[in-house]
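This report describes how the secondary structure elements of a two-chain model are arranged. Please consult the sequence and the structure shown below while reading.

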Amino acid sequence: MMTAIEFRDVYFRYNEDAPWVLKKFNLKIEENETVAIIGHNGSGKSTIAKLANGLLVPQAGDILINGRKLTASNVWEIRQNIGMVFQNPENQFVGTTVRDDVAFGLENRGIPRKEMIKRIHTSLTQVGMENYQDHEPHNLSGGQKQRVAIASVMATYPEILLLDEATSMLDPRGRKEILSTIHDLKEELEITMVMITHDLHEIILTDRVIVMNQGQIYKDTTVDHLFNDYQGLQSIGLSLPLTVELAIELERQYDYQFTTYPLDNEEFLKALWTSNLKE
Amino acid sequence: MKSFMIIGQYVPGNSLIHRLDPRTKLIVIFTFVIIVFFANNSWSYGWLTLFALILVLLTRLRIGYILKGITPVWFLIFFTFILHLIITKEGSVLIEIVGFTIHEGGVLQGLTISLRFFLLVLVTSLLTLTTSPMEITDAIEELLGPLKKIKVPVHELALMMSISLRFIPTLLDETEKISKAQASRGVDLRTGSIKDRIYAIVPLLVPLFISAFKRAEELAMAMEARGYRGSEGRTKLRQLQFKSLDFIAMIIYVLIIIIFFSLRN
């Protein structure tokens, strides 16, 4: 298996007087892995995404994408394989209509017009926005705009998809839309996905969870094992999902045993009735 | 908030004028603006007015709507008329009121200049009423294309225009939000003297500018992430194409111009 993203002893800070955001940072993400990077504000998690596609340049250390070292001369070429969705749905919508926005990335790559039209249709269908081609951004909800942003990125056939807090500015409904879109993409395509988030609900979709704290990896684990050390997570400023907190209280006060902590209501319900069955 | 922007407001439709290529419309209107200044007798003015009125009818827009669209200019047209009426002292005296004399030449001059002005505004507003801003941007980019050879950044200018157009509603929404936020903190935007009201705009503009710059920075980063690096090697989704309708329109327009020049003395 190939390594999609690799950080080797990366040092980064925003300016000379500022403290290091990343200090001797090492990370390996394998091909087709879905990874969540979580951490509180300022833990360095967003910086990782911007470094990975060359929007920021590290002061020291190497970043390798598909085994190739990212340098000033090949950054544009490597960036072609990386799609990135940002936090604010409004500020990444370049086109005057949905169709133009999806076309923007394709136009930049010099894709012929015929192929463009085909790809725009397919990628908008993937995110369920095919009937909105002529809509202008101010007539779309935040969730819809963010789905268009994902379609814009998917139309360029990236090998790596970086989601930099893509749901943090959306209402609960928009968030649900995006998560189900991501879920579908993961089912359909082989793609390396890195989700950067401070919302612990989103990690449910991932194979691997990396917890960041003060520019270092605090924990590299899986969803099932993440909450075994919930005190640790709380101590670095992450708030637990309500269902996990409830499960912990049930264990503490009523002698329940959860094999894994439930992340949503459905899982919680299932854990409850199966635990009763055993008794 | 949005009602004062009627000048240049696009009305979607399917009339002959709507279906013309924006480049055709741009060329016609641009040359028309110049030609209006060549009119020098009632025949040539009449001919141009007829042409403009036929254009108006062809757009199939409500005439009331078009006239309302040029409301802000009515005052200017009237003012020009009055100015010429008073200043021009040619021909026989028509009326004399308290020291002011109104000459025949003044009336004539006032009428022609106002008519000229009216025609200019009317025809240019027809362009913006029947052509979406994006079409106009595309047309400008295409027509200015040859200037790329002398290093005029045509593509960049067109992109700037289209991004500005795309962010107008966003910034209007933001302005409204900020003015509500400031009103809730006691900034009074609606009453007081003109001076007070101008000062009250400051707490509106400062946050608006800050957020616009922040947006610009994020947008630039998003564009870079999506591989934008200038016009080189770029393909285009939007493509303009001259149709037979455009050729016919152009031929008719040239004929109209020829007749116009033969009507002048």
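Predicted model: local features only at pLDDT ≥ 70, side-chain atom pairs only at ≥ 80, totals over all residues.

## The four-stranded sheet of chain A

Chain A also contains an open sheet of 4 strands in the order β2-β1-β4-β5, and the pairing here is antiparallel. Its edge strands are β2 (22-30) and β5 (68-69) of chain A, each pairing on one side only. Strand β1 (residues 3-12) of chain A and strand β4 (residues 60-65) of chain A run antiparallel and are joined by 5 bridges. Within this pairing, A:R8 has A:D62 of β4(A) as its bridge partner.

Which strands of this sheet does helix α1 of chain A touch? Helix α1 (residues 45-52) of chain A packs on the sheet in contact with β1, β2 and β4 of chain A, and its direction makes about 115° with that of β1(A).

## The domains of chain B

Chain B is divided into domain 1, which covers 3-131 + 241-263, and domain 2, which covers 147-225. The C-alpha centres of domain 1 and domain 2 of chain B lie 33 Å apart.

Helix α2 (residues 22-35) of chain B packs against helix α10 (residues 244-263) of chain B at an angle of about 10°, and their axes are 11 Å apart. The angle is under 35 degrees, and α2(B) is therefore roughly parallel to α10(B). From α2(B), the contact is made by B:T24, B:V28 and B:I35; from α10(B), it is made by B:D246, B:A249, B:M250, B:Y253, B:I257 and B:F260. By class, this contact of α2(B) with α10(B) has 7 nonpolar, 1 polar and 1 charged residues.

The axes of helix α5 (residues 71-87) of chain B and helix α6 (residues 104-130) of chain B come within 7 Å, crossing at roughly 160°. That angle is over 145 degrees, so α5(B) is roughly antiparallel to α6(B). Their crossing is right-handed. Residues of α5(B) that meet α6(B) include B:V73, B:I77 and B:F81, while those of α6(B) include B:G106, B:I113 and B:F117. The contact of α5(B) with α6(B) consists of 10 nonpolar and 6 polar residues, with no charged ones.

## Helices α8 and α9 of chain B

Helix α8 (residues 154-184) of chain B packs with helix α9 (residues 194-225) of chain B at an angle of about 135°, their axes being 9 Å apart. How are these two helices oriented, parallel or oblique? At this angle α8(B) and α9(B) are therefore oblique to each other. The crossing in which α8(B) passes α9(B) is right-handed.

The residues in contact are B:L171, B:E174, B:T175, B:I178, B:S179 and B:Q182 of α8(B), together with B:P203, B:L204, B:P207, B:L208, B:S211 and B:A212 of α9(B). By class, 7 of the residues in the contact of α8(B) with α9(B) are nonpolar, 4 are polar and 1 is charged.

## The contact between the chains

How many residues of chain B are in contact with chain A? There are 25 residues of chain B in contact with 28 residues of chain A. On the side of chain B that touches chain A, α8 and α9 of chain B each supply at least two residues. The largest share of that side, 8 residues, comes from α9(B). By class, the residues on the side of chain B that touches chain A are 11 nonpolar, 6 polar and 8 charged.

How values were computed:
Residues numbered from 1 in each chain as written. Chains lettered and ligands numbered in written order. Axes fitted to C-alpha atoms, helices over the stretch in contact; angles between N-to-C directions. Parallel < 35°, antiparallel > 145°, perpendicular 65-115°, else oblique. Left-handed = near helix turned anticlockwise from the far one by under 90°. Contact = placed C-beta atoms within 7 Å. Nonpolar A, V, L, I, M, F, W, Y, C, P; charged D, E, K, R; others polar. Domains from an automatic or database assignment. Pairing = 2+ DSSP bridges.
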